[in-house]
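Hi,

Here is the structure I promised to pass on. Have a look at it first, and my notes follow below.

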Number of protein chains: 2
Amino acid sequence: MCVLLTDMYLKDIQTGVCAVEGEPVVEKESAATALVDGNNLLGPVVGNFCMNLAIRKAKEVGIGWVVAHGSNHFGIAGYYSMQALKENMIGMSFTNTSPLVVPTRGKERTLGTNPLSVAAPAEHGDSFVLDTATSAVALGKVELNERRGDPIPDGWGCDPEGHVTTDPKSVLTGGGLVPIGGSEATGGYKGYGLGMMVEVFCGILAGAQYSKYVRTWKVTDRVANLGQCFVAINPENFAPGFNERMSDLLSIQRDQDPAEPGSPVLAPGDPERLNMKKCEEIGGIPYHINVVKYINDYVKKIGISQLLPCDNVVSV
Amino acid sequence: MCVLLTDMYLKDIQTGVCAVEGEPVVEKESAATALVDGNNLLGPVVGNFCMNLAIRKAKEVGIGWVVAHGSNHFGIAGYYSMQALKENMIGMSFTNTSPLVVPTRGKERTLGTNPLSVAAPAEHGDSFVLDTATSAVALGKVELNERRGDPIPDGWGCDPEGHVTTDPKSVLTGGGLVPIGGSEATGGYKGYGLGMMVEVFCGILAGAQYSKYVRTWKVTDRVANLGQCFVAINPENFAPGFNERMSDLLSIQRDQDPAEPGSPVLAPGDPERLNMKKCEEIGGIPYHINVVKYINDYVKKIGISQLLPCDNVVSV
């Protein structure tokens with residue numbers, strides 16, 4: 001789950017918009033596929049159920065392709081794809097999300113940031129982990145610039161008339177994010193196509209809400225009914241030596257001379273890996289004091305214990 | 001096949017670098033997966049074999065995921081994904097290609113333009129067809145600007161030192177293309193991750209050549225041994241009403257007010273559809289006179305009949 005979305009998850013639970021009892025149910029099934037009704041449970045409950053099912057199928061027939069309707073915000077896409085790594089399999093996860101992205105040439109928010117994640121195991125615990133929204137950036141990045149009073153780079157968002165803008169306020173009030181690639185001239189239609197692809201695998205294949213019908217971001221006035229897709233692929237069903245080739249592919253990228261000395265070429269997943277290493281070194285995950293206050297405000301409301309005061313203050 | 005690559009295909013055949021006799025062979029198989037040895041046959045021979053196999057599997061168990069090694073340039077990725085539309089299925093195809101793309105922060109060409117294609121059927125013959133390289137643009141676009149003496153937009157390619165450049169010559173001589181998204185600041189690492197994903201599904205999963213080991217573009221000095229991946233997914237294994245939702249998803253995009261009047265929002269596949277309609281209206285595919293000369297030069301060499309003179313000259 002995302003710490004910064006705790007209020008959204010809690011509001012969904014407290015208002016009864018989201019179910020807290022029950023189990024996801026398989027509605028239709030083959031050796032390699034399944035359609036799951038998430039029964040409006042929390043996203044991670046549905047996600048774990050579906051990813052485990054996909055992995056079981058991949059053990060039997062080499063691939064499991066599982067889609068769910070009736071789901072909720074599932075947190076981090078990479079969490080599910082990475083479950084497959086434990087079984088030495090390729091994992092994928094996709095979800096549709098609230099409409100925030102304006103398609104190339106348009107001016108209406110008709111797609112979510114629709115993330116996709118793919119993870120593949122290499123040798124000695126190393127792996128490839130791609131986890132990316134199909135929008136140029138996340139909404140949070142635009143909000144951050146707006147709070148700081150900074151303009152945004154060209155190619156992050158558009159104004160209510162559909163024109164790419166550097167004004168974060170204009171993106172947040174009536175405009176929207178643009179797809180990966182930015183404007184049409186810089187190939188934004190590629191990201192638009194990828195966002196549509198995620199919607200096909202999620203809302204359309206699952207029979208969930210889709211596109212502009214998904215409820216507004218952070219407005220928990222009605223059931224979300226998100227569509228999600230979970231895939232596991234067993235390399236044992238294909239050519240021997242998968243992990244060795246994966247390690248080599250990662251090394252080819254990482255070991256090349258970087259354009260800027262001191263700024264090495266990273267493999268997808270490396271930034272998060274570096275951050276986890278740092279957290280292990282300092283003995284925990286550092287949170288900004290405002291985030292700690294935010295969490296403590298919420299846990300107070302629901303009567304559970306607050307985060308303890310911590311004297312391990314880290315400057316970042 | 002690509003008309004403009006006729007010389008490459010012919011050179012591969014005439015020099016014996018590519019096989020002209022034989023059939024692709026299934027090496028390993030489950031109800032839902034297959035590993036195919038393309039036996040160094042022409043890409044379309046391998047591609048048709050694999051896509052047909054994927055569709056047969058999807059009819060049985062809802063999905064077919066087929067990868068091939070020992071393949072060659074297969075032409076247009078969308079040709080294979082679109083085969084699935086005839087069976088009212090989702091189709092996907094992926095191929096690795098000769099190294100032309102420099103990863104984010106790097107300065108070496110260690111990835112191909114690695115295209116991916118996804119096609120999904122809507123109602124009344126309508127469909128979603130995404131067919132995109134994972135590089136910002138195709139090499140041909142840079143070559144065109146170089147021939148015209150025009151600079152290229154920021155975010156298409158980099159110089160031999162890995163810095164994004166507007167000089168097409170520098171991209172073509174020692175530099176390279178950059179991934180979808182352009183530089184690191186504009187999200188090029190997303191395109192880099194997608195290019196890696198395609199390589200995982202192709203060279204790595206199939207045990208073919210991969211990354212920088214794939215032979216140099218248009219240098220037919222040795223066997224290509226490309227890796228390719230073909231997928232069919234049967235919507236019947238998921239929620240009823242797939243085609244209706246697909247049509248609605250396409251309409252939501254196409255029917256919105258465009259940012260520029262007269263420049264309507266298109267769905268992926270629409271530009272090609274519009275072009276096909278135009279060709280039907282004028283009674284054929286218009287080729288530039290230089291392309292006709294190029295083809296006739298080649299067919300003369302191998303002793304087959306040239307393209308007939310045509311009085312239907314179209315100005316475009």
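Domain 1 and domain 2 of chain A bury about 670 Å² between them, with carbon and sulfur atoms giving 54% of that area; buried area here is the accessible area (1.4 Å probe) that two parts lose on being put together, summed over both. On the domain 1 side, Leu100(A), Lys107(A) and Arg109(A) lose the most area to domain 2, together 59% of what that side buries.

A word on the basis: this is a predicted model, where local features need pLDDT of at least 70, side-chain atom pairs count only at pLDDT 80 or more, and totals for chains, interfaces and linings use all residues. Residues are numbered from 1 along each chain as its sequence is written, chains are lettered from A and ligands numbered from 1 in the order in which they are written, and side-chain values use heavy atoms, leaving out hydrogens and water.

Domain 1 of chain A covers 1-133 + 189-285 and domain 2 covers 137-177, with bounds from an automatic or database domain assignment. Their C-alpha centres lie 25 Å apart. Eight residues of domain 1 of chain A are in contact with ten residues of domain 2 of chain A (contact means heavy atoms within 4.5 Å).

The rule also finds one salt bridge across this interface, where a salt bridge is a side-chain nitrogen of Lys or Arg within 4 Å of a carboxyl oxygen of Asp or Glu. Lys107(A) forms a salt bridge with Glu161(A), and the closest N and O atoms are 3.2 Å apart.

Happy exploring!
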